[in-house]
Amino acid sequence: TMIPLLLLLLLPAAHGIAKVGPRPALTTDLEGVTTASTFVLDQPRCVFQDFGNAVIWLVVALDKDVSKFNNSAEPGTPETAFQSFPESVSAYMTLNATLDSYPCPKPAGDITVLRVGSETSCAEDVSRPTCNGPLPGPGPYRVKFLALEGSVPVAETAWSVPITLRTAKSPNSISTERSGHSSGMIAITAILSILLAILLAALVATLVFCGSDSCGSSTFSKPESVTVRRYNTHHVYDQPAARL
């Protein structure tokens, strides 16, 4: 009776962890897929549908440390805590979800993505070792999805290709090739400002000067009155009065 029981216990180990696909990849559904501390992945839809009782975890590691991750490591422990990554932890586990969170097929119109590194409130909270905290540097990083039934790993994807985050440009690296063009624009602006100041000064001087009696003053004389003489029509009065 002990032999069949031992065979049942050894059977999962003999088969190992199931390999499922596709591997995680950056989404193409959104803009700003990578920032200085985050990146956006497509959700693992239709990947773990044969493992309905499993909890699916995202494993995040530096590219150079992927070989150090042990699938038997348990999430929520100091061995996989975000707060110790990457100094003493080679990979951390976060964004746990059941298969209900990843229905298959994807509902029409849904944006099915995961933003890695989006939680800032728990970044230094050691009581939340599975925090999805901001990534500490440009990387490159690699990720994979791992399905656990209890504490037993049952399925995993392959590691993603390396993912490099954006970095801010150093002020010393900013090109100055267009400095001549900028200087020319500054000179033109200065000349126009001087001309405008001269024009305003001339206008003010004209207004002040013309405010005195010596500018624009003129004397208006009263126009002479025009006398209209009255003339009598002599030939009318010279005729004798009409008789009846």
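**Figure 1. Contacts across the whole chain.** Take the contacts in the protein that join residues at least 6 apart in sequence: 71% of them link residues at least 24 apart. Here, a contact means heavy atoms within 4.5 Å. This is a predicted model, so local features need pLDDT of at least 70 and side-chain atom pairs count only at pLDDT 80 or more, while totals for chains, interfaces and linings use all residues. Residues are numbered from 1 along each chain as its sequence is written, and side-chain values use heavy atoms, with hydrogens and water left out.

The protein has 3 helices and 7 strands, and from the N terminus on they run α-β-β-β-β-β-β-β-α-α. Both kinds of element are DSSP runs numbered from the N terminus: helices are H or I with at least four residues, strands are E with at least two. Of the 244 residues in the protein, 28% are buried. Buried means under 20% relative accessible area, exposed means over 50%, and partly exposed is in between (1.4 Å probe, protein chains only). The accessible surface comes to about 17100 Å², and 59% of that belongs to carbon and sulfur atoms. Those areas come from the Shrake-Rupley method with a 1.4 Å probe; for residues, only the protein chains shown count as cover.

**Figure 2. F69 meets W159.** The structure holds 4 aromatic pairs. Rings of Phe, Tyr and Trp (its six-membered ring) pair if their centres lie within 6.5 Å; planes under 30 degrees apart count as stacked, over 60 as edge-to-face and the rest as tilted. Why is the pair of F69 and W159 called edge-to-face? The ring centres are 6.4 Å apart and the planes stand at 90°, so edge-to-face it is. F69 sits in the loop between β3 (55-62) and β4 (91-98), and W159 in the loop between β7 (152-156) and α2 (179-210), so this pair ties together parts that are 90 residues apart in sequence. F69 is buried, with a relative accessible area of 12%. W159 counts as buried too, at 14%.

Figure 3. F82 and Y92 make another edge-to-face pair, 5.1 Å from centre to centre and with 80° between the planes. F82 belongs to the loop between β3 and β4 and Y92 to strand β4, 10 residues apart.

**Figure 4. E156 and its two lysines.** A search of the whole structure finds 6 salt bridges. A salt bridge here is a side-chain nitrogen of Lys or Arg within 4 Å of a carboxyl oxygen of Asp or Glu. One of them joins E156 to K19, with the closest N and O atoms 2.1 Å apart. E156 is in strand β7 and K19 in strand β1 (residues 18-19), 137 residues apart. E156 counts as buried at 6% relative accessibility, whereas K19 counts as exposed at 63%.

E156 also forms a salt bridge with K144, where the closest N and O atoms are 2.5 Å apart. K144 lies in strand β6 and E156 in strand β7, so this pair ties together parts that are 12 residues apart in sequence. Like E156, K144 is buried. Put together, K19, K144 and E156 are linked in a network of salt bridges.

**Figure 5. D63 reaches R142.** Another salt bridge brings the side chains of D63 and R142 together, at 3.5 Å from N to O. D63 lies in the loop between β3 and β4 and R142 in strand β6 (residues 141-149), so the pair ties together parts that are 79 residues apart in sequence. D63 counts as partly exposed, at 27% relative accessibility.

Figure 6. S160 is buried, with a relative accessible area of 1%, while T164 is partly exposed at 49%. Which residues does S160 touch, not counting those up to four places away in sequence? They are R23, P24, R142 and V143. Leaving out residues up to four places away in sequence, T164 touches T34, P138 and P140. The C-alpha atoms of T164 and T38 are separated by 9.9 Å, and these two residues are 126 apart along the chain.
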